[in-house]
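Student: I would like to learn how to read a model like this one. Where do we begin?

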Amino acid sequence: MSVTLSLEVNGKPVSLEVAPRTLLVDLLRDSLRLTGTHIGCDTAQCGACTVHLDGRAVKSCNVLAVQTAGAKVTTIEGIGSDAALHPMQAAFRDHHGLQCGYCTPGMVMSALDLVARHPAPSRDEIREALDGNICRCTGYHNIVTAIEAGAKAMKA
Amino acid sequence: MYEFAYHRATSLENAASLLASADDGRVLAGGQTLVAAMKLRLAAPSDLVDLRGIPELSGVCRDGDTMIIGAMTTHSAVNASDDLKATIPALAELAGGIGDAMVRNQGTIGGSVANNDPAADYPAALLALGATIRTERRTIAADDFFTGMYETALEPGEMIVSIGFPIPKRAAYVKFPNPASRYALVGVFVADGPAGVRVAVTGAGSGVFRATAFESALSGRFAPEALDGLTVDASELSGDMHASAEYRAHLVGVMARRAVGKSTGA
Ligand SMILES: Cc1cc2nc3c(=O)[nH]c(=O)nc-3n(C[C@H](O)[C@H](O)[C@H](O)COP(=O)(O)OP(=O)(O)OC[C@H]3O[C@@H](n4cnc5c(N)ncnc54)[C@H](O)[C@@H]3O)c2cc1C
Ligand code: FES
Ligand code: FES
């Protein structure tokens with residue numbers, strides 16, 4: 001039993017048939033082929049699936065696609081391109097804020113939510129904002145440095 | 001997750017009739033608990049009635065000496081509310097310590113209170129501040145609302161509309177978070193308000209409860225030292241892989257003293 005779902009993804013209107021039990025992350029990855037959003041734990045713990053729902057970071061593995069009807073969803077694909085990285089993405093590259101890269105899309109989306117509300121976050125505020133994002137590689141130090149630099153670059 | 005039918009309610013009346021006509025209907029708020037439970041097949045409702053499309057359920061407002069928070073107000077919105085920071089800062093701060101940023105952006109006060117997780121933060125605030133839960137049918141005092149582990153006084157199909165918090169003279173919440181889940185291993189909310197001094201404890205037992213011996217001591221003298229030598233009975237607390245009952249009992253005293261100190265600025 002499927003329903004028609006209309007929403008905006010990365011600035012473009014999308015309308016499709018979905019089963020109500022479809023998770024937002026599966027809609028994005030399987031139906032829309034936006035595979036930049038990752039599934040790490042599938043239990044709302046790791047933050048790899050973080051996207052923006054009406055401008056706020058949420059875990060897309062813990063949201064039903066139908067909950068986003070009429071809303072604006074932004075994924076990592078919606079913030080920059082291979083040719084022109086978003087300043088926050090560029091900061092992660094420049095400051096070695098990733099190793100395997102699995103957590104990175106979620107880290108970047110969480111960072112952007114933080115910077116939207118705190119344009120110049122302290123290192124402590126950055127660490128607190130990353131409470132819901134787990135990285136198994138970096139030890140977080142360079143992620144914090146990257147977000148600090150990314151926030152500065154976004155103001156420039 | 002099992003199949004279910006999804007409905008987006010347009011008004012409270014519409015939500016009530018959708019719930020009434022469903023086999024086993026459940027209200028959907030942020031889904032931070034319910035969607036997770038459905039994925040694990042711990043919950044399998046026939047119908048979900050989403051309250052997200054009812055704008056009057058969200059927001060914070062003041063009515064005389066009471067702050068009223070709509071059921072669908074997210075933890076982030078409570079945390080960011082200037083009106084709450086000015087009247088009950090302890091409540092705004094509590095909301096900012098729930099889970100993580102993404103959970104706070106999606107989870108709601110109504111969902112948390114209806115769920116009554118024994119380690120949730122809000123129930124301690126409701127009990128200590130002497131809050132009133134308003135549903136589409138009646139109002140319920142916090143003292144009568146939390147009836148047991150994941151149990152509340154809500155009847156089938158009954159919806160929380162808003163929660164009213166009398167503004168206290170002073171209040172503070174201190175929790176010892178479980179380092180993995182960030183739920184309260186033990187959390188203590190202390191309030192000195194219109195109903196006198198009230199101390200509510202979450203995380204320690206099968207549900208939120210008042211530490212009445214602490215309340216009497218603090219009514220005599222509202223200072224951390226008033227609690228010296230006082231403990232709660234460990235035999236009534238929970239022990240698990242995260243903390244023994246004795247350790248939880250100890251933490252209740254420590255968190256309570258810190259909360260009193262914090263609310264007096266000491
Ligand atoms: C990773 C993670 C960490 C968390 N950490 C914490 C924490 O530290 N502290 C804490 O307190 N909580 C924590 N939570 C829980 C979180 O606060 C949830 O948001 C909350 O418990 C449920 O709110 P919701 O809006 O998501 O409700 P939902 O999941 O949508 O609903 C929960 C239940 O309440 C019912 N319900 C919802 N709204 C109403 C209403 N208006 N009237 C009647 N019934 C209703 C639903 O039918 C369902 O049974 C955490 C959750 C996650 C995923
Ligand atoms: S995949 Fe969603 S939080 Fe881990
Ligand atoms: S870079 Fe590998 S998980 Fe973060």
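**Reading chain B**

Tutor: Begin with the charges: chain B has 22 positive and 29 negative charges, and their mean positions are 6 Å apart. Keep in mind that this is a predicted model.

Student: How many helices and strands are there in chain B?

Tutor: Chain B holds eleven helices and 14 strands. Its radius of gyration is 18 Å, close to the 18 Å that the globule rule gives for 266 residues, so chain B is as compact as a globular protein of that length. Along the principal axes, the C-alpha trace spans about 55 × 45 × 30 Å.

Student: What share of the residues in chain B is buried?

Tutor: Buried means under 20% relative accessible area. In chain B, 56% of the 266 residues are buried. The chain exposes about 10,800 Å², with carbon and sulfur atoms supplying 51% of that area.

Student: Which domains does the assignment give for chain B?

Tutor: The assignment gives domain 1 (1-55) and domain 2 (170-264). The C-alpha centres of these two domains of chain B lie 34 Å apart.

Student: Take one residue. Is B:Ala256 buried or exposed?

Tutor: B:Ala256 has a relative accessible area of 1%, and buried means under 20%, so B:Ala256 is buried. This residue lies in helix α11 (residues 245-263) of chain B.

Student: Which residues is B:Ala256 in contact with, leaving aside its neighbours within four places in sequence?

Tutor: With those neighbours left aside, B:Ala256 is in contact with B:Val188, B:Val190, B:Phe214 and B:Leu227.

Key
Residues are numbered from 1 along each chain as its sequence is written. Chains are lettered from A and ligands numbered from 1 in the order in which they are written. This is a predicted model: local features need pLDDT of at least 70, side-chain atom pairs count only at pLDDT 80 or more; totals for chains, interfaces and linings use all residues. Side-chain values use heavy atoms; hydrogens and water are left out. Helices (H or I, at least four residues) and strands (E, at least two) are DSSP runs, numbered from the N terminus. The radius of gyration is taken over C-alpha atoms; the globule rule is 2.2 Å times the number of residues to the power 0.38. Buried means under 20% relative accessible area, exposed over 50%, partly exposed in between (1.4 Å probe, protein chains only). Accessible areas come from the Shrake-Rupley method with a 1.4 Å probe; for residues, only the protein chains shown count as cover. Lys and Arg count as positive and Asp and Glu as negative; His and the chain ends are not counted. The place of a charge is taken as NZ of Lys, CZ of Arg, CG of Asp or CD of Glu. Domain bounds come from an automatic or database domain assignment. Contact means heavy atoms within 4.5 Å.
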